[in-house]
Amino acid sequence: LIQASGIIVAQVAPPTTAASYLLSMRVMQVLLQVSMAPSYSKLPLFASLYASGSFHTLILVVRTAIARSHMIYVGGVLLVTIGINPLLSAIDSQTEFITLGLWLLLGIAFFVERFGAMHLQFYSLSNHILWHIANGVSGSVYLIVSLLLWPRFGIVAFPIAIICGYAGFYSWVAASHVYRHYKIAMWEFESHSSLVPPMLLVAALALSSLIQ
């Protein structure tokens, strides 16, 4: 559904707006794929530690991997924020990038998605699979919210809908299953893995709104 939003935008938005949005989504997909590496490359190790019952070591390793993934992602988002327009100018691109405020809002939206996905991957080591439920509900929320907000907010409706879909169900359900299954406190886990990165994104969004 999120990827299909590009097709919708291409049909209903002005060509320049559609091109900017599709370019931003392509850049975002690259950042997401790169940021997955520190976490997803460790999946065999995670499975081995889980099978051996070494839960304490597993939690420490997972916490570090998630923190690295988040920092790579946020670092990439901020790097694009600073460098994308000079880069497009240097290559004489005919396509403008979306506004930096919208880009940072999109960055926050996909951070929420990554947060939930990595927690759900961690919980899936238990062989209790929730992906279909989490994606089904969050996808439905995303679709409803984007359709409701599009007439008033236009393209901004999509990142808002992503945040609503993931923060409204997917991410907190995934995280709560992790805390309960591994018997860990939210603050104990998130303060070492997921606290600082979103604060950087929110601060950057606030700064961009002041500048603009």
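**Reading helix packing, backbone angles and the core**

Author: Helices H4 and H5 run roughly antiparallel to each other. The model is a predicted one, in which local features need pLDDT of at least 70 and side-chain atom pairs count only at pLDDT 80 or more, whereas totals for chains, interfaces and linings use all residues. Residues are numbered from 1 along each chain as its sequence is written, and side-chain values use heavy atoms, with hydrogens and water left out.

Reader: At what angle do the axes of H4 and H5 cross?

Author: Axes are lines fitted to C-alpha atoms, for helices over the stretch in contact, and angles run from 0 to 180 degrees between N-to-C directions. Helices and strands are DSSP runs numbered from the N terminus (helices H or I, at least four residues; strands E, at least two). Here the axes of H4 (residues 43-52) and H5 (residues 55-90) cross at roughly 160 degrees and come within 8 Å. Angles over 145 degrees count as roughly antiparallel, under 35 as roughly parallel, 65 to 115 as roughly perpendicular and the rest as oblique.

Reader: Is the crossing of H4 and H5 left-handed or right-handed?

Author: A crossing is left-handed if the near helix is turned anticlockwise from the far one by less than a right angle, and right-handed if clockwise. The crossing of H4 and H5 is left-handed.

Reader: Which residues in H4 and H5 meet?

Author: Contact means heavy atoms within 4.5 Å. From H4, Leu45, Phe46, Leu49 and Tyr50 meet Phe55, Thr57, Leu58, Val61, Val62 and Ala65 of H5. By class, this contact has nine nonpolar residues, one polar and no charged. In that scheme Ala, Val, Leu, Ile, Met, Phe, Trp, Tyr, Cys and Pro are nonpolar, Asp, Glu, Lys and Arg are charged, and the others, Gly among them, are polar.

Reader: How do H5 and H6 pack, and at what angle?

Author: H5 and H6 pack at about 165 degrees, and their axes are 11 Å apart. H5 is therefore roughly antiparallel to H6. The crossing of H5 and H6 is right-handed, and the residues of their contact divide into 18 nonpolar, five polar and one charged.

Reader: At what angle do H2 and H6 pack?

Author: The angle between H2 and H6 is about 35 degrees, with an axis separation of 11 Å. Their crossing is right-handed. H2 contributes Ser24, Met25, Val27, Met28, Leu31, Leu32 and Ser35, while H6 contributes Trp103, Leu106, Gly107, Phe110, Glu113 and Arg114. The residues of this contact comprise eight nonpolar, three polar and two charged.

Reader: Which residues have the most contacts inside the largest nonpolar core?

Author: In soluble globular proteins, nonpolar side chains tend to be buried together. A nonpolar core is a set of buried Ala, Val, Leu, Ile, Met, Phe, Trp, Tyr and Cys residues joined through side-chain atoms within 4.5 Å. Buried means under 20% relative accessible area, exposed means over 50%, and partly exposed lies in between (1.4 Å probe, protein chains only). The largest core in this model has 61 residues, and those with the most contacts inside it are Leu58, Tyr73, Trp103, Phe110, Phe122 and Tyr182. Two or more residues are given to this core by each of H2 (15-35), H4, H5, H6, H7, H8 (157-182) and H10 (196-211). The largest share, 15 residues, comes from H6.

Reader: With which residues is Phe122 in contact, leaving aside its neighbours within four places in sequence?

Author: Phe122 is in contact with Leu58, Ile59, Val62, Val178, Tyr182 and Phe189.

Reader: Is Ala18 buried or exposed?

Author: Ala18 is in helix H2 and is buried, with a relative accessible area of 5%. Residues up to four places away in sequence not counted, Ala18 touches Val9, Ala10 and Ala13. In H6, Gly101 also counts as buried, at 15% relative accessibility.

Reader: What is the phi of Asn127?

Author: Phi of Asn127 is near 70 degrees, a positive value in a residue other than glycine. Asn127 lies in the loop between H6 and H7 (131-153), and at 67% relative accessibility Asn127 counts as exposed.
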